[in-house]
Amino acid sequence: MGWLKTLENTLFGMGNPLLDISAVVDKDFLDKFGLKLNDQILAEDKHKALFDEIVKRNKVEYHAGGSTQNSVKIAQWMIQKPQKVATFFGCIGSDQFGEILKKKAAEVHVDAHYYEQNEEPTGTCAACITGDKRSLVANLAAANCYKKEKHLDLDSNWELVKKAKVYYIAGFFLTVSPESIMKVAKHASDNNKIFCMNLSAPFISQFFKEPLMKVMPYVDILFGNETEAATFAKELDFETDDIAEIAKKTQNLPKENTKRQRVVVFTQGKDDTVATVGEKVTMFPVLDIDQNDIVDTNGAGDAFVGGFLSALVQEHVLEECIRAGHYAANVIIRRVGCTFPEKPEFQ
C-alpha cells in the first residue's frame with residue numbers, strides 16, 4: 001500500500017467551476033428559451049431571464065459543478081482515502097457563490113486552488129431537467145476569466161501540476177484558456193504522463209475546432225459521447241457515422257508522445273461504451289438499470305470519467321477503468337445533480 005502515500009495530488013483537473021442550479025422544468029420552458037433536450041450551450045443574452053426564472057421555481061437545488069470539477073470530485077469519492085488525490089484549478093468570483101463552491105470542494109476533499117477575481121461573479125449552470133433528459137445552459141462569468149500568467153504560471157501552483165501523473169481537462173476549457181491547456185498537455189507529454197481530454201459538447205468541435213486540434217496530438221485518452229463523436233467525425237470529414245470507425249480514426253490522428261497509444265472512449269447512454277483496446281475497438285455493456293430508477297442524467301458523463309480516472313490513477317487496466325466509470329455513472333443517474341452517497345460500493 002506504499003504508493004497510496006504518494007497519491008495526494010496525483011490527479012490534476014483544470015476547468016470551469018460552476019455552481020449548478022438544477023430544477024425540473026416542462027417542455028414549454030425549454031421551448032421558451034429555445035433549448036434542446038440533452039444539449040449543452042453557453043448562455044447568450046436571450047437566456048438572462050432563464051436564470052432568474054429557474055431560481056423562482058419552487059424546488060431548486062444548488063451543487064458544485066462544472067464538468068471537470070464534477071469528474072475529479074467523483075474520482076476522489078471513488079478513491080475515498082487518501083484525501084486530496086485530486087487538484088483542481090479554475091476561476092471564481094469573490095462572492096457568495098464562490099464561497100459555496102470552496103465549501104463544497106472542501107467537503108468532498110478535492111484540493112481546489114481557485115483563481116479569485118472580482119470583475120465577474122462566479123459562474124453558474126442552469127440544469128433544466130425534463131424527465132430523464134437534461135438541457136444545460138452555462139453562464140461562465142468568472143470561469144471565463146482564468147489567466148495562465150496570473151495562476152497556472154505561479155511557482156506554487158505549477159509545483160502542484162508537476163506532482164500529478166494523470167491530467168484531465170474537459171473540452172469546455174478550450175473556450176477559456178487554450179494556452180493553459182497547451183502548457184499542461186506539453187508537460188504531460190514531455191514527462192510521459194497521461195493527458196486526458198473530453199469532446200464535451202458538439203459546439204466545441206464545431207466552433208473551437210482549431211484549439212481542439214492543436215491539443216489533440218498531446219491527448220492520450222479522449223472521452224466523448226455518441227453525439228459529440230458524430231459531430232467531431234463530421235468536422236474532420238471522417239465520412240462515417242459508425243461509432244467504432246470514428247473511434248479508430250480518432251485513435252489514429254497524429255500523436256506527440258509515441259510511447260503511449262491513444263485510447264478513445266465513447267459512451268452512448270444506455271448503449272454499450274465503445275473503446276479502443278490496442279488495435280481493436282471493443283464494446284463494453286453498461287450496467288442494467290430500470291428506467292424508473294433514473295432520476296436525472298445530468299452529470300452521468302462526468303461521473304463516468306470520474307470513475308474511470310479513479311481506476312486510472314491507481315494504474316488499473318482499461319477494462320477496470322471502464323467498469324469503474326460505468327459504476328459511477330450508474331450511481332449518479334439515480335440522484336439529482338452530480339451527487340453521490342457517502343461511500344461507493346465498488347469492488
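This report describes an annotated residue, the nonpolar cores, a cavity and some backbone features of a predicted model.

## Basis of the model

Residues are numbered from 1 along each chain as its sequence is written, and side-chain values use heavy atoms, with hydrogens and water left out. Because the model is predicted, local features need pLDDT of at least 70 and side-chain atom pairs count only at pLDDT 80 or more, whereas totals for chains, interfaces and linings use all residues.

## The annotated aspartate

An unreviewed UniProt entry carries the annotation "active site" for Asp302; such positions are given in the numbering used here, feature names are shortened, and annotations may be inferred rather than shown by experiment. Asp302 lies in helix α12, residues 300-312, where helices (H or I, at least four residues) and strands (E, at least two) are DSSP runs numbered from the N terminus.

With a relative accessible area of 15%, Asp302 is buried, a term that means under 20%, while exposed means over 50% and partly exposed in between, for a 1.4 Å probe and protein chains only. Leaving aside residues up to four places away in sequence, Asp302 touches Ser67, Asn70 and Ser71, contact being heavy atoms within 4.5 Å.

## Nonpolar cores

A nonpolar core is a set of buried Ala, Val, Leu, Ile, Met, Phe, Trp, Tyr and Cys residues joined through side-chain atoms within 4.5 Å. The largest has 102 residues, and Val184, Phe195 and Phe308 are those with the most contacts inside it. Helix α13 (residues 318-332) gives the largest share of this core, nine residues. A second, separate core of 13 residues includes Ile21, Leu35, Cys128 and Val137.

Beyond four places in sequence, Phe195 touches residues that include Tyr167, Ile181, Val184, Tyr218 and Ile221.

## Cavity lining

The lining of the largest cavity is made up of Ala64, Gln69, Lys73, Lys104, Ala105, Val108 and Val110; a cavity is a set of points on a 1 Å grid over the protein atoms alone where a 1.4 Å probe fits but cannot get out, and lining residues have an atom within 4 Å of a point. Helices α3 (67-79) and α4 (96-107) each supply at least two residues of this lining.

## Backbone features

Most residues other than glycine have a negative phi, and most peptide bonds are trans. The bond from Lys81 to Pro82 is cis, with omega near -10°, and Pro82 lies in the loop between α3 and β5 (86-93).

Asn38, in the loop between α1 (27-32) and β3 (40-42), has a positive phi of about 55° and is partly exposed at 40% relative accessibility. Asn192, in the loop between α7 (178-190) and β10 (194-198), has a positive phi of about 50° and counts as partly exposed at 28%.

Note on methods. On a 1 Å grid over the protein atoms alone, a cavity is a set of points where a 1.4 Å probe fits but cannot get out, and a pocket is an open set with protein on both sides within 12 Å along at least five of seven lines; lining residues have an atom within 4 Å of a point.
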